Amino acid sequence: MPIWAYFLIGAALAGLIGLALHWQLVVAEGAYLGPHVVAWLYDRFAPHYDRVKQFDKAGDALMLAAPILKHLAVSAVSHAVVLDVATGTGRLPDALLAQRRFRGHIVALDLSRRMLDRAQAKLAAYGDRVVFMRRDAQRLPFDADAFDVVTCLEALEFMRDQHAAVREMWRVLKPGGLLMVSNRIGPDAWKLPGRTLPTAAFAARLRALGFQDVQSRPWLVDYDLVTGIKP
Ligand SMILES: C[S@@+](CC[C@H](N)C(=O)[O-])C[C@H]1O[C@@H](n2cnc3c(N)ncnc32)[C@H](O)[C@@H]1O
């Protein structure tokens, strides 16, 4: 074989490896490499996360905090305990604690130390109304029936066993409790094979677990926001 053919094959292989690495580390954010790789990548990204995301606070109040407050009012829970799984830099606690009508406490859990550090700094004014825990979402360190509300936003697609993670959320929810999770859809969902489900299939999975009153509504560009009640 001529020498240039070796160079050509080498260049093609290097290109393929580069593409595979880009997919695994940038597009899939480490999702197929295990939770500790995901957390390691988020540790790196933590200083830039809020700037890149540019959260819409009014939108979060309307889409995230309002349905939770409505559920708590309807179920007459005055001092709710909320678990935010994969809290990141604390977007959900930030949206909920800013509401004067919310008088409860929040446990904010994530596997990335630096994302949690950011959340802690951002939410310091709320004192012990928010507690931070560095744990894996797939093994929640809580007793069954512990929380009035469990949320998990923009994170299920990064978990090795999404179904097991949702089962854990079911376990720690009190009967009558509200689950609020995001399900990745949209034009880029195909880039995460095995990690996303179409809207109807995701809702069916929640119903199969036992959730009632399952509702999906479009949220942001890439997600459904899905709620359900544990009977
Ligand atoms: C895109 S961020 C979403 C953060 C936040 N929920 C939000 O809406 O801004 C994904 C977060 O999920 C966390 N995460 C991913 N897999 C996890 C796991 N198995 N256990 C705990 N946290 C996890 C990451 O560390 C990261 O902070």
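**Cores, cavity and domains of a predicted model**

In this predicted model, Leu83 touches Val107, Leu109, Leu140, Phe142, Phe147, Val149, Val150, Thr151 and Val172, not counting residues up to four places away in sequence.

Q: Which residues have the most contacts inside the largest nonpolar core?
A: The largest nonpolar core has 29 residues, and the elements that give two or more residues to this core are strand 1, strand 2, strand 4 (147-152), helix 6 (162-172), strand 5 (173-184) and helix 7 (199-209). Apart from it lies another core, of 25 residues, including Leu69 and Phe132. Inside the largest nonpolar core, the residues with the most contacts are Leu83 and Val85.

Q: Which helix supplies the largest share of the lining of the largest cavity?
A: The structure holds one cavity of 30 Å³ or more, and about 430 Å³ of space lies in the largest cavity. Of the 29 residues that line the largest cavity, Tyr42, Ala86, Asp110, Ala155 and Phe158 are the closest to its centre. At least two residues of the lining come from each of helix 2 (35-53), strand 1 (81-85), helix 4 (91-97) and strand 2 (105-110). With five residues, the largest share of the lining comes from helix 2.

Q: How many residues in the lining of the largest cavity are nonpolar?
A: Sorted by class, the lining of the largest cavity includes five polar residues and seven charged residues.

Q: What distance separates the centres of domain 1 and domain 2?
A: The protein is divided into domain 1, which covers 1-30, and domain 2, which covers 57-229. Four residues of domain 1 are in contact with four residues of domain 2. Taken over C-alpha atoms, the separation between the centres of the two domains is 38 Å.

Q: What pattern does the protein follow when read along the sequence?
A: The secondary structure of the protein comes to seven helices and seven strands. Read along the sequence, these elements give the pattern α-α-α-β-α-β-α-β-β-α-β-α-β-β.

Q: What percentage of the contacts with a separation of 6 or more is accounted for by residues 24 or more positions apart?
A: The C-alpha atoms of the protein fill a box of roughly 80 × 40 × 30 Å, taken along the principal axes, and buried residues make up 46% of the 231 residues. Among the contacts in the protein with a separation of 6 or more, the part accounted for by residues 24 or more positions apart is 70%.

Terms used: Residues numbered from 1 in each chain as written. Predicted model: local features only at pLDDT ≥ 70, side-chain atom pairs only at ≥ 80, totals over all residues. Heavy atoms only, no water. 1 Å grid on protein atoms, 1.4 Å probe; cavity = no way out; pocket = protein on both sides within 12 Å on 5 of 7 lines; lining within 4 Å. Points joined across faces, edges and corners; volume = space filled by probe spheres on them. Helix = DSSP H or I, 4+ residues; strand = E, 2+ residues; numbered from the N terminus. Nonpolar A, V, L, I, M, F, W, Y, C, P; charged D, E, K, R; others polar. Core = buried A, V, L, I, M, F, W, Y, C linked by side-chain atoms within 4.5 Å. Buried < 20%, exposed > 50% of the residue type's maximum accessible area, 1.4 Å probe, protein only. Contact = heavy atoms within 4.5 Å. Domains from an automatic or database assignment.
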